[in-house]
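Biologist: I would like a close look at one part of this chain and what surrounds it. Please give the cut-off with each term you use.

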Amino acid sequence: MTDLRITACLLTAAAALTLSLPAAAKDIVVHMKNQGADGAMVFEPGYVKAAPGDTIRFKPTDASHNAETMANMLPAGATPMKGGMNKEAVLTVSKPGLYGIKCMPHYSMGMVALVQVGAVTPADVATAKAVKLPPFAAKRMTAALAKVK
């Protein structure tokens, strides 16, 4: 009987410890492409939902791309990111909110992406929708913003 109680106590303690541990951060890959499912000059996927602590890796599948945050679409206190041309760019997100991403050489061609981190407010979405973008970028960003929940 004593062995059974000890086993039960150990199992209960292990379960409690497992439930109290934070979830492991995810590593999310976004490809920078000349051609994708949504047309020319795209990030795939163009919309990412992440949690604080996650890392998003922007990989240049095709040449002549970079990834950088948009200064006017970045949560307050978030660290900006600017990747080099033809280099992987890494964004580790810490602040909840919406992160606008662009490929500078193809920004006017609509090469933008949206990263949602955690829960966002209707005010966050309204602020992002109010950002002035080139026409093709605005069209893709509007589609990405429609996925925010």
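Modeller: Asn86 lies in the loop that runs between S5 and strand S6 (89–92); strands are DSSP runs of E with at least two residues, helices are runs of H or I with at least four, and both are numbered from the N terminus. Its phi is positive, about 65 degrees, although Asn86 is not a glycine. With a relative accessibility of 42%, Asn86 counts as partly exposed; that class lies between buried, under 20% relative accessible area, and exposed, over 50%, for a 1.4 Å probe and protein chains only. The model is a predicted one, in which local features need pLDDT of at least 70 and side-chain atom pairs count only at pLDDT 80 or more, while totals for chains, interfaces and linings use all residues. Residues are numbered from 1 along each chain as its sequence is written, and side-chain values use heavy atoms, with hydrogens and water left out.

Another residue with this backbone feature is Ser64, a non-glycine with a positive phi near 75 degrees. Ser64 belongs to the loop between strand S4 (55–60) and S5. Its relative accessibility is 41%, so Ser64 also counts as partly exposed.

On the S5 side, Thr69 is part of the strand itself. Thr69 is buried, at a relative accessible area of 8%. Setting aside neighbours within four places in sequence, Thr69 is in contact (heavy atoms within 4.5 Å) with Leu74, Pro80, Met81, Leu91, Gly100 and Ile101.

S6 is joined to S4 by four bridges, and the two run antiparallel; strands count as paired if DSSP finds at least two bridges between them. Within this pair, Ile56 stands opposite Leu91. Ile56 is also the bridge partner of Ile28, in the pairing of S1 with S4, which is parallel and has six bridges. Strand S1 (residues 27–36) in turn pairs with S2 in the antiparallel sense over five bridges, with Gln35 opposite Ala40. S1 and S2 make a hairpin with two residues between them.

Taken together, these strands give an open sheet of four in the order S2-S1-S4-S6, with mixed pairing. S2 and S6 are its edges; each has a single partner strand, so one side of each is left without a neighbour in the sheet.

S5 belongs to another open sheet of four strands, ordered S3-S8-S7-S5 and also of mixed pairing. Its edges are strand S3 (47–50) and strand S5 (68–69), each with a single partner strand, so that one side of each has no neighbour in the sheet. S3 and strand S8 (residues 112–117) pair in the parallel sense over four bridges, and Ala50 stands opposite Val117. The loop between strand S2 (39–44) and S3 is where Pro45 is placed. The peptide bond joining Glu44 and Pro45 is cis, with omega about -5 degrees.

The remaining point is the packing. A nonpolar core is here a set of buried Ala, Val, Leu, Ile, Met, Phe, Trp, Tyr and Cys residues joined through side-chain atoms within 4.5 Å. The largest core has 22 residues, of which Phe43, Ile56, Phe58, Ala67, Val93, Ile101 and Val115 touch the most other members. At least two residues of this core come from each of S1, S2, S3, S4, S6, S7 and S8. Apart from it there is another core, of 17 residues, including Leu114, Val120, Ala128 and Val131. Ile56 is the residue opposite Leu91 in S6, and Ile101 is one of the contacts of Thr69. Val93 touches Ile56 as well, and its other contacts include Ala50, Tyr99, Val115 and Val117, not counting residues up to four places away in sequence. In general, nonpolar side chains of soluble globular proteins tend to be buried together.
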